[in-house]
Amino acid sequence: MTRSPIVPVAPGRGRSRLRPLGLDEVRIIGGFWGRRQQVNAEATLHHCRDWMERVGWTGNFRTAVHGRIDRDRRGREFADSDVYKLLEAMAWETGRRADPTLDAAIAELTDAIAPAQEPDGYLNTAYGRPGQPPRYSDLEWGHELYCYGHLIQAGVAQSRARGEGELTKTARRAADHVCATFGTGGIERVCGHPEIETALVELARLTGEQRYLDQAALFVARRGHGTLADIEFGRAYYQDDLPVREAKVLRGHAVRALYLAAGAVDVAVETGDEELLAAVVRQWETTVARRTYLTGGMGSHHRDESFGEDFVLPPDRAYSETCAGVASVMLCWRLLLATGEPRFADLAERTLFNVIAASPSEDGRAFFYTNTLHRRGRGTVSRTDTDSPRADSGLRAPWFAVSCCPTNVARTLAQLSGYLATADEHGVQLHQYADAEIATTLDDGRVIGLRVRTDYPAGGVVTVRVTRSPDHRPWTLSLRVPAWTAGATAWLTDPDGVRRPAAPGSVEVTRAFRAGDQVRLELPLAPRWIRADPRIDAVRGTLAVQRGPLVYCVESTDLPGGRDVDAVRVDPRSQPRERLDGGRGGYRPATVLVAGELTGTDDRNEQRDASWPYEPHSHPPRRTTAADRTEIVLVPYHSWGNRGPSTMRVWLPTADPDSTTPTGRQSCTNLEESTDRTAV
């Protein structure tokens with residue numbers, strides 16, 4: 001098996017529009033994402049491992065070997081998968097930077113896992129042993145194939161980062177078992193949680209073994225034909241209601257839907273199936289247009305962690321699971337590679353900055369499972385001596401009974417350099433902006449070096465300096481101009497000093513570059529008001545603020561007199577402005593100011609003297625004067641909840657009755673009670 005590039009997604013040569021650059025070609029060296037990668041490496045990985053030991057998930061494998069698993073197993077049926085995601089994160093981290101400590105940790109965990117594998121390759125601690133349910137007896141909820149998917153992805157990561165090791169061999173034995181058991185003539189069903197599909201394709205790309213790709217294609221083709229039992233949420237919950245090719249929109253459990261779509265893109269790319277690729281693009285387009293939050297978050301139902309119907313996007317009931325954000329980035333990256341279209345990088349950027357970055361605390365040791373856009377109660381500080389039983393967004397928690405999100409964040413941050421840039425026969429493309437160094441070999445053998453300098457998204461200037469370009473043949477440097485620049489002007493300055501406007505999409509410079517040449521992209525980062533489609537009933541009469549890719553929010557911590565965020569009314573006639581006074585953790589500017597007013601008192605528990613919360617309205621709302629106005633501080637949404645218990649909201653009611661529907665009152669369109677069954 002030949003050494004593969006250190007990338008999370010490696011399409012076969014010539015099968016995708018763009019070739020991803022790997023962790024060995026792109027190195028983030030500072031800035032917004034550099035700090036987060038450092039925290040991930042120094043704190044989050046160790047935190048996750050310590051908690052898995054504490055709650056017994058890593059111990060399950062040792063318990064299985066010793067024959068006590070039927071009485072001593074700990075965690076949910078899918079707990080194995082989180083151990084595998086941690087291993088994947090560690091493997092990518094070793095590809096980003098050599099770390100003998102992590103190599104040793106991977107070996108130690110693998111030494112615990114590998115002996116639990118059965119001779120035929122079966123590996124699961126929740127099924128198949130004396131005193132446990134039989135193998136594959138609960139494909140709807142058992143997650144056995146889902147767990148294999150994460151094991152295989154961990155094995156692929158190890159092989160690409162450090163060469164084939166025991167973890168990779170364990171993963172291949174499991175994949176061989178899956179092909180033998182679920183191939184043609186075997187169990188002709190699918191897993192209730194898609195994930196195995198994209199993992200098998202990546203293993204096929206790594207090994208060149210066709211049977212893994214064939215099995216992934218079988219799983220995609222079988223989905224939607226009712227092979228799984230109907231459940232209280234309906235078969236749409238696990239996308240078994242319609243074949244992938246016939247679906248018009250992503251539906252059901254958000255993480256499941258996005259993982260399946262990612263796997264379908266992988267299959268389509270490797271098999272040249274343009275019809276299947278077009279079906280997923282169509283579903284993505286409709287989902288983005290009708291079922292996606294301003295933050296990029298997906299999933300508005302708490303009860304089943306699913307997408308709502310079109311335009312059902314209540315901010316105070318947003319589920320927007322962190323894992324769905326990870327899955328969305330995975331899907332966007334695959335679609336970008338397949339098509340070369342920058343719109344997929346636009347959504348990935350929005351999701352990275354406002355969902356992925358929001359989940360971990362500043363110290364990397366606590367996490368949001370869900371990412372609400374309006375927190376009504378201040379919440380309580382989570383205990384540090386036990387896991388949290390609920391996926392609550394009151395405050396970040398160190399660990400959850402279902403802790404899929406911390407490990408998903410960890411593996412995403414560890415592999416993030418692999419999502420920044422690509423190459424093709426013409427040159428190099430930059431899709432996400434970070435302080436970074438890039439060195440890659442073009443198809444014609446030329447080695448190109450770039451140094452990207454930027455403090456994005458604090459600042460809007462991205463400077464790309466060519467550090468190596470060995471001859472005088474021209475090549476093309478392409479930079480994405482984000483969709484959020486629409487209505488403003490971005491500027492590109494080429495090495496000759498010629499400055500020209502750059503429209504949303506991408507901008508290219510083609511020339512015979514020399515070392516020392518610079519290209520400068522200036523992105524307009526002024527904060528601006530954002531309004532929603534009026535069909536989103538829950539946010540009528542409200543506005544939000546966005547600055548560049550960052551969504552902003554008001555947090556009660558910044559309001560005077562102990563007021564709650566529901567006291568805020570903003571004046572859209574006054575444009576938001578930046579407060580250039582620095583920010584926490586070196587982030588500048590950290591805050592935006594908007595004009596508005598604060599209503600009510602400092603007691604959010606004050607009871608209104610009325611037996612009915614509604615009343616006739618016969619007079620226009622009171623117009624406030626300049627004397628009533630105050631300046632209200634907004635902070636980046638990803639930073640909220642780091643200063644103790646607080647309330648928060650993204651969509652702000654307006655004080656100006658002429659600006660939009662003068663209600664400011666959110667409609668609670670999705671008030672299902674949470675179920676006891678929390679599923680990853």
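**Cavity notes**

I began with the lining of the largest cavity: helix H4 (79-96), helix H6 (144-162), helix H12 (322-339) and helix H14 (404-414) each give it at least two residues. Helices are DSSP runs of H or I, at least four residues long, numbered from the N terminus. H12 contributes the most here, three residues.

The model is predicted, so I noted the limits: local features need pLDDT of at least 70, side-chain atom pairs count only at pLDDT 80 or more, and totals for chains, interfaces and linings use all residues. Numbering runs from 1 along each chain as its sequence is written, and side-chain values use heavy atoms, with hydrogens and water left out.

I then looked up the cavities of 30 Å³ or more and found eight. A cavity is a set of points on a 1 Å grid over the protein atoms alone where a 1.4 Å probe fits but cannot get out, and lining residues have an atom within 4 Å of a point. A volume is the space filled by probe spheres set on the points, which are joined across faces, edges and corners.

The largest cavity comes to about 130 Å³. I listed 14 lining residues; Pro8, Glu88, Gln153, Arg411 and Gln415 lie nearest its centre. By class, seven are nonpolar, three polar and four charged.

The second largest cavity has about 60 Å³. Its lining includes Leu242, Val244, Arg251 and Val280. Helix H10 (254-271) and helix H11 (274-290) are the elements giving two or more residues to this lining. H10 gives the most, three.

Methods
1 Å grid on protein atoms, 1.4 Å probe; cavity = no way out; pocket = protein on both sides within 12 Å on 5 of 7 lines; lining within 4 Å. Nonpolar A, V, L, I, M, F, W, Y, C, P; charged D, E, K, R; others polar.
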